[in-house]
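Subject: Structure handover

Hello,

Here is the structure I said I would pass on. My notes on it come after the files.

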Amino acid sequence: MQETLLGAWRGLGSFEARSSLGTWLNSIATRICLRMISRRPRRLASGDLAPPLRSTAELGEPVQGPVWLEPMPDSELLYGSAPNEDPAAILLRREYIGLAFVAMLQHLPGTQRAVLLLREVLGYSATETADILGTTVASVNSALQRSRQTVRAKKPATVQSSEMLQVDAQGLELLLHAFVSAWERRDVTAMVNLLADDVRFTMPPLPAWFSGREFVGKFFAERVFETPWRLHSLRGNGQPGFACYLKQAGDDRFRPVASCC
């Protein structure tokens, strides 16, 4: 954000209003991000670093650098949509982002990542995307095709939209309330009963992760509840999630420490 605002301040005199101010700022931000991506090592998800743990005694040393993903609020998923866009198309894009977001950001090279974000998430046209990236429409279309292929290849075979359990709004609200209530009561049994059999629990930047109800429940029981927590429900990346607040020993209040979806 700082680099983008500084770049905008330096270049404001050359802004000719041939595009919207938002597009111009996005162009600056995207190019700064691409430069940063080119200078850092490839990001690895917890599952790429080591196999799942079966013991909670040692969780490993934090991985240096930004290795986790920040959630995108659902309200942002409508940015760039046409005023009269088909609601079904909006829902499809939300579902696509929810399923593919992790694979997209963790596995795609910088330019493909930028193209997929600009085209599929922010709704820019191929021409606008080419202008933002300083490249050609043909290059944008090629990068988009390659990024889609990578996302499809990285998506687990069992995760298909037609196979996902659909929960109505009321049912989802009850489910979220039950999970928050169980967490704040430290009722591990109730929490585990709400999880899928193939649940995965990761906690970047630690490399440790747990797979399956048995070992996720073991981690909850032995490590998570060493300190008090509070959860606040939210939505990000097209999925329900929580903002997590932790109260450390000697502190007088709960402070935000993480979010999960």
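This is a predicted model: local features need pLDDT of at least 70, side-chain atom pairs count only at pLDDT 80 or more; totals for chains, interfaces and linings use all residues.

Overall

The protein has 261 residues, of which 33% are buried. Its secondary structure amounts to ten helices and five strands. If you take the contacts between residues at least 6 apart in sequence, 58% of them join residues at least 24 apart.

Helix 1 and helix 2

Helix 1 covers residues 2–11 and helix 2 covers residues 21–39; their axes come within 9 Å and cross at roughly 125°. That angle makes helix 1 oblique to helix 2. The crossing of helix 1 and helix 2 is right-handed. On the helix 1 side, the contact uses Glu3, Thr4, Gly7, Ala8 and Gly11, and these meet Trp24, Leu25, Ile28, Ala29, Ile32 and Met36 of helix 2. Sorted by class, the contact of helix 1 with helix 2 holds seven nonpolar, three polar and one charged residues.

Thr4 of helix 1 can be looked at on its own. Thr4 has a relative accessible area of 13% and is buried, because the cut-off for buried is under 20%. Apart from neighbours within four places in sequence, Thr4 is in contact with Leu25, Ile28, Ala29 and Ile32.

Helix 2 and helix 6

Helix 2 also packs with helix 6, at an angle of about 55° and with the axes 8 Å apart. Helix 2 is therefore oblique to helix 6. The crossing of helix 2 and helix 6 is right-handed. From helix 2, the residues in this contact are Thr23, Asn26, Ser27, Thr30, Arg31 and Leu34, and from helix 6 they are Asp131, Ile132 and Leu133. By class, the contact of helix 2 with helix 6 has three nonpolar, four polar and two charged residues.

Helix 5 and helix 6

Helix 6 (residues 126–133) has a further contact, with helix 5 (residues 110–121); the two axes come within 10 Å and cross at roughly 140°. Helix 5 and helix 6 are therefore oblique to each other, since the range for roughly antiparallel is over 145 degrees. The crossing of helix 5 and helix 6 is right-handed. Helix 5 contributes Ala114, Val115, Leu118 and Arg119 to the contact, and helix 6 contributes Ala126, Thr129, Ile132 and Leu133. The contact of helix 5 with helix 6 is made up of six nonpolar residues, one polar and one charged.

Helix 10

Which residues of helix 10 (residues 213–222) are buried? They are Phe215, Val216, Gly217, Phe219 and Phe220. The cover over the buried residues of helix 10 includes helix 8 (169–185), helix 9 (188–193), strand 1 (200–202) and strand 2 (209–211).

Leu59

Leu59 sits in the loop between helix 3 (46–49) and helix 4 (87–107). Is Leu59 buried or exposed? Leu59 is buried, at a relative accessible area of 11%. Not counting residues up to four places away in sequence, Leu59 touches Leu53, Leu206, Pro207, Ala208, Phe210, Phe219 and Arg223. One of these, Phe219, is among the buried residues of helix 10. Leu59 and Ala208 are 149 residues apart in sequence, and their C-alpha atoms are 5.2 Å apart in space.

Ser147

Ser147 is part of helix 7 (residues 137–154). Its relative accessibility is 0%, so Ser147 counts as buried. A polar atom of the Ser147 side chain lies 2.8 Å from the backbone oxygen of Leu144. Leaving out neighbours within four places in sequence, Ser147 is in contact with Leu108, Gln112 and Leu116.

Arg186

Arg186 lies in the loop between helix 8 and helix 9. Phi of Arg186 is near 60°, which is a positive value in a residue other than glycine. Arg186 counts as partly exposed, with a relative accessibility of 39%.

Regards

Definitions and conventions:
Residues are numbered from 1 along each chain as its sequence is written. Side-chain values use heavy atoms; hydrogens and water are left out. Axes are lines fitted to C-alpha atoms, for helices over the stretch in contact, and angles run from 0 to 180 degrees between N-to-C directions. Helices (H or I, at least four residues) and strands (E, at least two) are DSSP runs, numbered from the N terminus. Angles under 35 degrees count as roughly parallel, over 145 as roughly antiparallel, 65 to 115 as roughly perpendicular and the rest as oblique. A crossing is left-handed if the near helix is turned anticlockwise from the far one by less than a right angle, and right-handed if clockwise. Contact means heavy atoms within 4.5 Å. Ala, Val, Leu, Ile, Met, Phe, Trp, Tyr, Cys and Pro count as nonpolar, Asp, Glu, Lys and Arg as charged, and the others, Gly among them, as polar. Buried means under 20% relative accessible area, exposed over 50%, partly exposed in between (1.4 Å probe, protein chains only). A polar contact is a pair of N or O atoms within 3.5 Å; within protein, one must be able to donate a hydrogen and the other to accept it, and residues adjacent in sequence count only if both atoms are side-chain atoms.
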